[in-house]
Amino acid sequence: MAKVGIVMGSDSDMKVMSKAADMLEKLGVDYEMTIISAHREPDVFYDYAKSAEEKGFKVIIAGAGMAAHLPGMCAAIFPMPVIGIPMSSKNLEGVDALYSIVQMPPGIPVATVAIDGGANAAILAAKILSTSDKELLERLKAYTQEMKETVQAKAEKLEKLGHKEYLKQM
């Protein structure tokens with residue numbers, strides 16, 4: 001059963017939202033992904049958010065650009081955590097979506113990651129789930145260790161090669 005719902009308003013968000021899906025897969029978290037427009041199909045959206053709890057979702061990751069209503073509307077209907085991902089856009093580079101998602105009214109919080117922050121949204125969802133899942137917590141710890149080792153390997157390579165040779169290999 002999917003523990004995380006991933007929803008986006010358009011397939012133009014797929015590059016960012018697929019990063020969330022990829023990270024959830026890496027961490028062994030089941031998810032369900034869909035495209036629903038809160039503006040163009042409000043009845044379908046309402047049914048999605050209203051039924052998410054009975055489907056077994058514990059967290060929803062919602063991506064949105066421009067007006068960015070999808071995460072906030074999910075949070076208004078779904079009683080558990082919602083993580084919003086503001087999408088970059090050609091007009092305001094995602095700042096409009098960021099402000100729209102962050103500035104929710106009292107009582108309707110949306111945890112918000114950086115513009116186009118799909119991977120971090122998935123990690124935050126996994127951290128929320130790990131409060132009641134020790135195996136997931138261990139996978140998160142292993143991922144953190146993996147990141148540390150990657151940085152250390154890069155530092156050793158830089159020390160060995162010097163910055164000019166390092167840049168040539170990038």
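## Basis of the model

The structure is predicted, so that local features need pLDDT of at least 70 and side-chain atom pairs count only at pLDDT 80 or more, while totals for chains, interfaces and linings use all residues. Residues are numbered from 1 along each chain as its sequence is written, and side-chain values use heavy atoms, with hydrogens and water left out.

## Overall make-up

The protein has seven helices and five strands, where helices (H or I, at least four residues) and strands (E, at least two) are DSSP runs numbered from the N terminus. Read from the N terminus, the elements follow the order β-α-β-α-β-α-β-α-β-α-α-α. Taken along the principal axes, the box filled by the C-alpha atoms is roughly 60 × 40 × 30 Å.

Of the 170 residues in the protein, 39% are buried; here buried means under 20% relative accessible area, exposed means over 50%, and partly exposed lies in between, with a 1.4 Å probe and protein chains only. Among the contacts (heavy atoms within 4.5 Å) with a separation of 6 or more, 63% are between residues 24 or more positions apart.

## Helices α2 and α3

Helix α2 covers residues 42–55, and helix α3 covers residues 69–77. The two pack at an angle of about 50°, with their axes 9 Å apart; axes are lines fitted to C-alpha atoms, for helices over the stretch in contact, and angles run from 0 to 180 degrees between N-to-C directions. That angle makes α2 oblique to α3, given that angles under 35 degrees count as roughly parallel, over 145 as roughly antiparallel, 65 to 115 as roughly perpendicular and the rest as oblique. The crossing of α2 and α3 is right-handed, a term for a near helix turned clockwise from the far one by less than a right angle, with anticlockwise giving left-handed.

From α2, the residues Phe 45, Tyr 46, Ala 49 and Lys 50 meet Leu 70, Met 73, Cys 74 and Ile 77 of α3. The residues of this contact divide into seven nonpolar, no polar and one charged, where Ala, Val, Leu, Ile, Met, Phe, Trp, Tyr, Cys and Pro count as nonpolar, Asp, Glu, Lys and Arg as charged, and the others, Gly among them, as polar. Within α3, Leu 70, Pro 71, Gly 72, Cys 74, Ala 75 and Ile 77 are buried, and the buried residues of this helix pack against β1 (4–8), α2, β3 (59–64), β4 and α4.

## Helices α1 and α5

Helix α1 (residues 14–26) and α5 have axes that come within 7 Å and cross at roughly 40°, which makes α1 oblique to α5. Their crossing is right-handed. On the α1 side, Val 16, Lys 19, Ala 20, Met 23 and Leu 24 meet Gly 118, Ala 119, Ala 122 and Ile 123 in α5, and the residues of this contact divide into seven nonpolar, one polar and one charged.

Gly 118, placed in helix α5, counts as buried because its relative accessibility is 1%. Leaving aside residues up to four places away in sequence, Gly 118 touches Val 16, Lys 19, Ala 20 and Ile 85. The C-alpha atoms of Gly 118 and Asp 13 are separated by 10.0 Å, although the two residues are 105 residues apart along the chain.

## Residues in loops

Ser 37 is placed in the loop between β2 (31–35) and α2, and is buried, with a relative accessible area of 9%. Its side chain reaches the backbone nitrogen of Arg 40 at 2.9 Å. With residues up to four places away in sequence not counted, Ser 37 touches Gly 9, Pro 42 and Phe 45.

Two further loop residues have a positive phi without being glycine. Glu 93, with a phi of about 60°, lies in the loop between β4 (82–86) and α4 (95–102), and is exposed, with a relative accessible area of 61%. Asp 116, with a phi near 65°, lies in the loop between β5 (111–112) and α5 (118–130), and is partly exposed, with a relative accessible area of 27%.

Definitions and conventions
A polar contact is a pair of N or O atoms within 3.5 Å; within protein, one must be able to donate a hydrogen and the other to accept it, and residues adjacent in sequence count only if both atoms are side-chain atoms.
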